[in-house]
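Good morning, and thank you for coming. I shall take you through one protein structure step by step, and I ask you to keep the sequence and the model in view.

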Amino acid sequence: MTVIEAQDVRKIYGDMEVLHDVGLAIREGEILGLIGPSGSGKSTLLRILDLIEPPSGGELSILGIDTVKERGRWLDLRRRMGMLFQRPIVFNASVYDNVAMGLRYRRASRSEIDRKVKEALEAVGLSRYIGSRATDLSGGEQQRVALSRVLVTDPEILFLDEPTANLDPGSTATIEAIVARMNRERGITVLISTHDLAQGQRLAHRIAVMIDGTVAQAGSPREIFHAPKDKKIARFVGVQNIIPARVISREGLTTVEVKERRIVSATPPPAEEVAVVIRGEDVSLHRREPGYEEAENLFPARVTAVEPMAPFVNVTVDCGCDIIALVTARRAEALELAAGMDVWVSLPAKVVHLVPRDG
Ligand code: ADP
Ligand code: MG
């Protein structure tokens, strides 16, 4: 089932169009990662989906309710959702009172509040701080207090807007583990925005990429990272090789030419003018010509640069065109890679992705 469906959603502030043509479907029980550069509209979209702000146009259905036609049901819908922001919001009161707040607002009984607050603090691992002043806690603990204030209300959909952007790696891992467990055990649908690509891959079942105010692509992490739809998405998801190419043949596999080098791709050409998109980690380097190699592309090459990027090494090779390979530091050492060295490059056709050259 789809719990949120947005179509052609727009948002205008003054004369600035911040969101346009936003289409997004969120499935019940999934964790959807919303990634995109800063300023691309992630927070604005989350505020609209959480009904904190109205869209300027478009269609938006939440939990089966048409929110444009049924404005009268917004409050009811809001109570079925929860949002956690980048900066932890805690009040200068006890941890207990901070978490109880969400329930008092909903007029729950005292014994119910007591039971639920204790459960929620247990879920985020903060039971021992129940009587502490929330503002005395560390940033990571404050974010867990804020998270338990949201969880105590049993939301069906949880929105997290870059919830770990200000946290250290340890606190980040704790928050991620809680979110993954709430999704798994309680079936809460999660939409989490992040500019941390690794976090998107760790947590999300599916990923949506926002570029310039719209959802440019949504799909599995594999699709987004290995088969981005265009150059902007490819650049954002950190593809090392985005190289203009000419289509030579489209019989069976596609053959393209990059400078002097012909490369075979499993992608049908998306346009007349294309660019080749290859992730550095998909490029294999060998000291000798491999005797047995299934890769459709196998070229002699010369190493032109070796650049440490712990725990990896960026290796640029010239095989008629420049290609960057991302190898582990350990493998670079085993191959004794150094500038000027002759190597072989192998590249299966399925890791050579094609996108339109424009855009
Ligand atoms: P992200 O969360 O991806 O960094 P935002 O949604 O915060 O992006 O912002 C997208 C764009 O909308 C930015 O250019 C930002 O300046 C603008 N924007 C966001 N909120 C407002 C607002 N209340 N008024 C005017 N412009 C806004
Ligand atoms: Mg933001």
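Let us begin with Gln-217, which is placed in strand S10, residues 214–219. Helices and strands here are DSSP runs numbered from the N terminus, a helix being H or I with at least four residues and a strand being E with at least two. Is Gln-217 buried or exposed? With a relative accessibility of 8%, Gln-217 counts as buried. Buried means under 20% relative accessible area, exposed means over 50%, and partly exposed lies in between, using a 1.4 Å probe and protein chains only. The side chain of Gln-217 reaches the backbone oxygen of Ala-227 at 3.2 Å. That is a polar contact, defined as a pair of N or O atoms within 3.5 Å; within protein, one must be able to donate a hydrogen and the other to accept it, and residues adjacent in sequence count only if both atoms are side-chain atoms.

A word on the source. This is a predicted model, in which local features need pLDDT of at least 70 and side-chain atom pairs count only at pLDDT 80 or more, while totals for chains, interfaces and linings use all residues. Residues are numbered from 1 along each chain as its sequence is written, chains are lettered from A and ligands numbered from 1 in the order in which they are written, and side-chain values use heavy atoms, leaving out hydrogens and water.

Now the whole protein. It has 10 helices and 20 strands. Of its 359 residues, 50% are buried. Along the principal axes, its C-alpha atoms fill a box of roughly 75 × 45 × 35 Å.

Next, please find helix H1, residues 42–49. In H1, 6 of the 8 residues are buried, namely Lys-42, Thr-44, Leu-45, Leu-46, Ile-48 and Leu-49. After H1 comes Leu-51, with a positive phi near 60°. The loop between H1 and strand S4 (57–62) holds Ser-56, which is partly exposed at a relative accessible area of 36%.

From Gly-41, a backbone N or O atom lies 3.0 Å from an oxygen atom of ligand 1. Taken alone, ligand 1 exposes 560 Å², and the protein buries 61% of that.

Two charges over rings deserve a look. Arg-71 lies over the face of Trp-74, 4.2 Å from the ring centre, and the charged end of Arg-261 sits over the ring of Phe-299, 4.0 Å from its centre. The rule asks for NZ of Lys or CZ of Arg within 6 Å of the ring centre and within 35 degrees of the ring normal.

Finally, Thr-189 lies in strand S8, residues 189–194, and is buried, with a relative accessible area of 2%. From C-alpha to C-alpha, Thr-189 and Gly-320 are 49 Å apart in space, and 131 residues apart in sequence. Thank you.

Methods: Areas by Shrake-Rupley, 256 points an atom, 1.4 Å probe, with all protein chains shown as cover.
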